Amino acid sequence: MKLSRGVARFNRRVTNRIQGLYAWVLPPWAVILHRGRRSGRHYRTPLFAFKRDRTLVIALLYGQESDWLRNLRAGGGQVIRAGRTFTVQAPEVIDTSKAGRLLTRLSPPARAYCRLAERLAILELVERLPGFGPRRVSGPG
């Protein structure tokens, strides 16, 4: 099932702002931190991300046209989940029908949710960063 781009636009403008208040501390919610491909702006996108070991599984309910996915593919980013920040590289996108072994490692509700999408994004958590949010580089002085 693929949701329309109109629903995606509504969520970006309305529900993402509300979900962003709690998504970074309340699993299975997570916040994807990514940089725009053309604008260079920083974005925060809340979504469901089911974790198993060092892997996050995200159902692509809006398809592969989602900006967060395209931005991560172009330049990597970070994920905040359960108050912990991790760097991630470009995600791998796989068909849900071919993800049987990966899905069996998730809880039954997570499996059911992931099966709603035709494709899944697989993110490998590379490095855990200290503190909340993106690593801040302090200037001189």
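**Charges, burial and backbone angles**

Q: Where is the place of Arg84?
A: Arg84 is in strand 6, residues 84-88. A strand here is a DSSP run of E with at least two residues, a helix is a run of H or I with at least four, and both are numbered from the N terminus. This is a predicted model, in which local features need pLDDT of at least 70, side-chain atom pairs count only at pLDDT 80 or more, and totals for chains, interfaces and linings use all residues. Residues are numbered from 1 along each chain as its sequence is written, and side-chain values use heavy atoms, leaving out hydrogens and water.

Q: Why is Arg84 called partly exposed?
A: Its relative accessible area is 39%. Buried means under 20%, exposed means over 50%, and partly exposed lies in between (1.4 Å probe, protein chains only). Arg84 therefore counts as partly exposed.

Q: What makes the positive surface patch?
A: Lys51, Arg52, Arg54, Arg84 and Arg128 form it. Patch residues have over 30% relative accessible area and no salt bridge; like charges are joined within 9 Å, nonpolar side chains within 5 Å. Lys and Arg count as positive. Each charge is placed at NZ of Lys or CZ of Arg. Arg84, at 39%, clears the area cut-off.

Q: How do you know that Arg37 and Asp67 form a salt bridge?
A: Their closest N and O atoms are 4.0 Å apart. The definition asks for a side-chain nitrogen of Lys or Arg within 4 Å of a carboxyl oxygen of Asp or Glu. The pair is one of four salt bridges in the structure.

Q: Why does the pair of Arg37 and Asp67 tie parts together?
A: Arg37 lies in the loop between strand 1 (29-35) and strand 2 (42-48), and Asp67 in helix 2 (residues 67-75), so the joined parts are 30 residues apart in sequence. Arg37 is partly exposed at 32%. Asp67 is partly exposed at 33%.

Q: What makes Asp95, Lys98 and Arg119 a network?
A: Salt bridges link them. Asp95 meets Lys98 at 3.9 Å, N to O. Asp95 also meets Arg119 at 3.3 Å, N to O. The pair of Asp95 and Arg119 links distant parts of the chain, strand 7 (residues 92-95) and strand 8 (residues 119-129), 24 residues apart.

Q: Why are Trp68, Leu69, Asn71 and Leu72 placed on the same side of helix 2?
A: These residues of helix 2 are buried. They cover an arc of only 165° around the axis, which puts them on the same side. The arc is that of the directions from the helix axis to the C-beta atoms.

Q: What makes the phi of Asp53 worth a line?
A: It is near 60°, a positive value in a residue other than glycine. Asp53 sits in the loop between strand 3 (50-52) and strand 4 (55-59). Asp53 is exposed at 57%. Ala82 also has a positive phi, near 55°. Ala82 lies in the loop between strand 5 (77-81) and strand 6. Ala82 is partly exposed at 32%.

Q: What kind of peptide bond joins Pro27 and Pro28?
A: A cis bond, with omega about 10°. Pro28 is in the loop between helix 1 (5-19) and strand 1.

Definitions and conventions:
Accessible areas come from the Shrake-Rupley method with a 1.4 Å probe; for residues, only the protein chains shown count as cover.
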